[in-house]
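Hi everyone, thanks for making the time.

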Amino acid sequence: MFYPHLPDKQVNKVIIGSGYNEEIYINLQKLGIEPILTAKSTNVRSGIRNHADLCVCPLTDNNFLLSKEQVELSDILIKNGCNTSFIDEDLGYDYPSDVLLNCVIIGKHIIYNPQTVSSKIRDFVRKKDLIEVTVRQGYTKCSITPLTIDSFITDDISIGSRAVDFGFDVLVIGKGEIKLKDFNYGFIGGATGKISENKLVITGNAAKLSDYDKIKKFLYKKDIELIQLSDGDVEDIGSIFPID
């Protein structure tokens with residue numbers, strides 16, 4: 001049992017988008033982790049069509065909210081003991097219709113733009129009485145790497161400033177160095193995911209990032225090891241979600 005994004009032990013499966021550097025999937029398998037792939041969100045822009053954080057929202061450790069086209073993923077998750085449900089809206093090409101599922105539940109908090117998420121998420125927030133950290137950024141999960149129930153890394157200074165007011169320990173890093181197909185740059189949250197309480201994976205060679213030393217120090221403070229899944233550039237692939 002763990003909070004979404006924050007496994008308390010080594011996981012053996014993760015949800016991840018398809019079609020990226022093959023080295024990423026191979027190295028996950030070498031770690032004993034099976035990649036479960038999302039289907040393409042065909043209504044979404046091509047560069048982010050495979051992103052898990054646009055079509056999946058982990059609500060709890062085993063409860064996932066999905067976009068309508070993720071029927072096969074739903075079947076796989078159910079076979080793995082998870083619960084799934086679907087949003088009522090269709091994902092769309094233009095922002096904000098592509099970020100209906102893009103938010104982050106960290107512990108008892110949810111960091112999100114309530115104006116851009118699906119009504120199913122707003123209903124869940126009310127039902128569970130989550131503490132709302134409201135922000136203007138709709139690509140919230142893309143922008144956040146959860147580390148513990150009260151800490152994360154982000155490349156969005158406005159999210160970082162807002163979360164500090166709620167007691168979060170936040171490392172804000174520079175923006176613009178993470179690769180994202182068909183876009184000028186990607187985001188740190190979309191390039192990372194936790195696979196155990198003390199291990200964080202990143203899609204590429206983190207040493208290429210200007211803030212690498214800051215990231216290392218912050219992770220050291222949290223007793224978290226950084227594991228690189230490839231020797232290539234750090235790429236935003238739409239987040240990596242752990243499954244118990």
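You can find Lys181 in the loop between strand 11 and strand 12, which spans residues 192-196. Now look across to Asp236: Lys181 and Asp236 are 55 residues apart in sequence, and their C-alpha atoms are 8.3 Å apart in space. Before I go on, please keep in mind that this is a predicted model.

Is Gly189 buried or exposed? With a relative accessibility of 0%, Gly189 counts as buried. What does Gly189 touch, if we leave out residues up to four places away in sequence? The answer is Lys141, Cys142, Ser143, Ile144, Thr145 and Ser239. For another distance, take Pro35: Gly189 and Pro35 are 154 residues apart in sequence, and 18 Å separate their C-alpha atoms.

Ser239 deserves a stop of its own. Ser239 sits in the loop between strand 14, residues 225-228, and strand 15. Its phi is positive, about 75°, although Ser239 is not a glycine. Ser239 also counts as buried, at 0% relative accessibility.

Let me zoom out for a moment. How many helices and strands does the protein chain have? There are 6 helices and 15 strands. The radius of gyration is 16 Å, close to the 18 Å that the globule rule gives for 244 residues, so the chain is as compact as a globular protein of that length. Along the principal axes, the C-alpha atoms fill a box of roughly 45 × 40 × 35 Å. Of the 244 residues, 56% count as buried. If you take the contacts with a separation of 6 or more, 60% of them come from residues 24 or more positions apart. The accessible surface of the chain is about 10,500 Å², and carbon and sulfur atoms account for 47% of that. As for charges, there are 28 positive and 34 negative ones, and their mean positions are 1 Å apart.

An α-helix has 3.6 residues a turn, so residues three or four places apart point the same way.

Helix 3 covers residues 71-79, and its buried residues are Leu73, Ser74 and Leu77. Why do these belong to one side of helix 3? They cover an arc of only 100° around the axis, and that puts them on the same side of the helix. The face turned away from that buried side carries the exposed residues Glu72 and Lys79. The cover over the buried residues of helix 3 includes strand 1 (13-16), strand 2 (34-37), strand 3 (56-58), strand 4 (63-66), strand 5 (83-86) and strand 15 (241-243). Just after helix 3 comes Gly81, with a positive phi of about 85°.

On to helix 4, residues 119-128, where Ile121, Phe124 and Val125 are buried. Their arc around the axis is only 100°, which puts them on the same side of helix 4. On the other side of helix 4, you can see Arg126 and Lys127 exposed. The buried residues of helix 4 pack against strand 3, strand 4, strand 6, strand 7 and strand 8.

And then there is helix 5, residues 157-164, with Ile159, Gly160 and Ala163 buried. Here too the arc is only 100° around the axis, putting these residues on the same side of helix 5. What covers them includes strand 7 (109-112), strand 8 (131-134), strand 9 (144-148), strand 10 (151-154) and strand 11 (169-172).

Two backbone details to finish. The peptide bond from Tyr95 to Pro96 is cis, with omega near 10°, and Pro96 lies in the loop between strand 5 and strand 6, residues 104-106. Back in the segment before strand 1, we find His5. Phi of His5 is near 80°, a positive value in a residue other than glycine. At 5% relative accessibility, His5 counts as buried.

Conventions:
Residues numbered from 1 in each chain as written. Predicted model: local features only at pLDDT ≥ 70, side-chain atom pairs only at ≥ 80, totals over all residues. Heavy atoms only, no water. Helix = DSSP H or I, 4+ residues; strand = E, 2+ residues; numbered from the N terminus. Rg over C-alpha atoms; globule rule 2.2 N^0.38 Å. Buried < 20%, exposed > 50% of the residue type's maximum accessible area, 1.4 Å probe, protein only. Contact = heavy atoms within 4.5 Å. Areas by Shrake-Rupley, 256 points an atom, 1.4 Å probe, with all protein chains shown as cover. Lys, Arg positive; Asp, Glu negative; His and termini not counted. Charge placed at Lys NZ, Arg CZ, Asp CG, Glu CD. Arc of directions from axis to C-beta.
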